[in-house]
Amino acid sequence: MKPVALAAILGCLLSSACDKPAGAPAAAAETSAAAGDSAAPAAPDPVTAPAGNAAVPVDEAGAAQVDKSIDGLLGDHTRYKAAIESLQQAVAANDSAAVAALISYPIDVEINGRKTTLKDEKAFIADYDKFMTPAIAKAIADARYADVLVNWQGVMLGNGEVWINGICKAGSNDCGEFDVKVITIQPTAP
């Protein structure tokens with residue numbers, strides 16, 4: 001287990017904030033040999049929560065732990081935080097074009113119970129209402145920065161409905177240049 005993950009798990013146990021499963025989603029676990037390398041989520045952070053959750057106390061320690069985990073495992077946390085906020089705003093506004101701009105293509109989604117691969121923004125926008133279920137939209141809206149799970153596979157929102165990670169830019173041999181994009185959108189088991 002990586003030191004960052006161990007620190008996050010200890011923080012979770014000490015703060016009784018272990019309300020999310022510590023593991024990869026089904027889609028990511030299939031490609032993972034190290035699914036146990038995960039950081040447990042921290043408590044909610046209303047500073048980055050969608051409107052309506054402002055009455056929840058601020059969890060600066062939880063947000064700081066998420067920052068540290070992202071910095072240590074994935075890269076610049078400010079880019080991930082901005083991507084999460086942009087996704088939340090776009091989904092709240094039901095702006096399929098804005099959400100489509102945040103996606104790494106191709107992306108697999110579930111439409112009518114079947115896996116469907118969307119190859120580009122045009123296909124994503126055309127099918128948006130078919131896969132962006134109320135449950136997935138709620139998972140995105142309810143995600144709080146200090147509450148996300150972070151591991152080597154990316155940042156998980158909800159119970160695995162959405163994963164966000166860095167995508168290396170073409171020509172970047174060491175992945176020094178990357179874009180932060182949504183890599184998974186999926187329903188989860190009830």
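Reply: Two strands are taken to pair if DSSP finds at least two bridges between them, and the strands themselves (E, at least two residues), like the helices (H or I, at least four residues), are DSSP runs numbered from the N terminus. The model is predicted, so local features need pLDDT of at least 70 and side-chain atom pairs count only at pLDDT 80 or more, whereas totals for chains, interfaces and linings use all residues. Residues are numbered from 1 along each chain as its sequence is written, and side-chain values use heavy atoms, with hydrogens and water left out.

Strand β4 (residues 149-151) runs antiparallel to strand β5 (residues 154-157), and three bridges join them. Asn 151 stands opposite Gly 154 in β5, and the two strands form a hairpin with two residues between them. On its other pairing, β5 meets strand β6 (residues 162-168), again in the antiparallel sense and over three bridges, with Met 156 opposite Trp 163 in β6. This second hairpin has four residues between its strands, and in the turn Gly 158 takes a positive phi of about 65°.

Positive phi values also occur at two asparagines. Asn 94, in the loop between α4 and α5, has a positive phi of about 55° although it is not a glycine. Asn 112, in the loop between β2 and β3 (114-118), has a phi near 50°, a positive value in a residue other than glycine. With a relative accessibility of 73%, Asn 112 counts as exposed, a term that requires over 50%, while buried means under 20% and partly exposed lies in between (1.4 Å probe, protein chains only). A further backbone feature is the peptide bond from Tyr 105 to Pro 106, which is cis with omega near -5°; Pro 106 belongs to the loop between α5 (96-100) and β2 (107-111).

Helix α4 (residues 77-92), which Asn 94 follows just after its end, has 16 residues and reaches 23 Å from its first C-alpha to its last, close to the 22 Å expected at 1.5 Å a residue; the expected span is 1.5 Å times one less than the number of residues. Its buried residues are His 77, Tyr 80, Ala 83, Ile 84, Leu 87, Gln 88, Ala 90 and Val 91. Elsewhere, Arg 79 lies over the face of Phe 178 at 4.2 Å from the ring centre, and Lys 81 lies over the face of Tyr 145 at 5.0 Å from the ring centre, the criterion being NZ of Lys or CZ of Arg within 6 Å of the ring centre and within 35 degrees of the ring normal.

Rings of Phe, Tyr and Trp (its six-membered ring) pair if their centres lie within 6.5 Å, with planes under 30 degrees apart called stacked, over 60 edge-to-face and the rest tilted. By this rule there are five aromatic pairs. One of them is the tilted pair of Phe 124 and Tyr 128, at 6.0 Å centre to centre with 55° between the planes; both lie in helix α6 (residues 121-131), four residues apart, about one turn of the helix, and both are buried. Tyr 128 also pairs edge-to-face with Phe 131, at 5.9 Å centre to centre and 75° between the planes. These two are about one helical turn apart because they are separated by three residues in α6, and both are buried.
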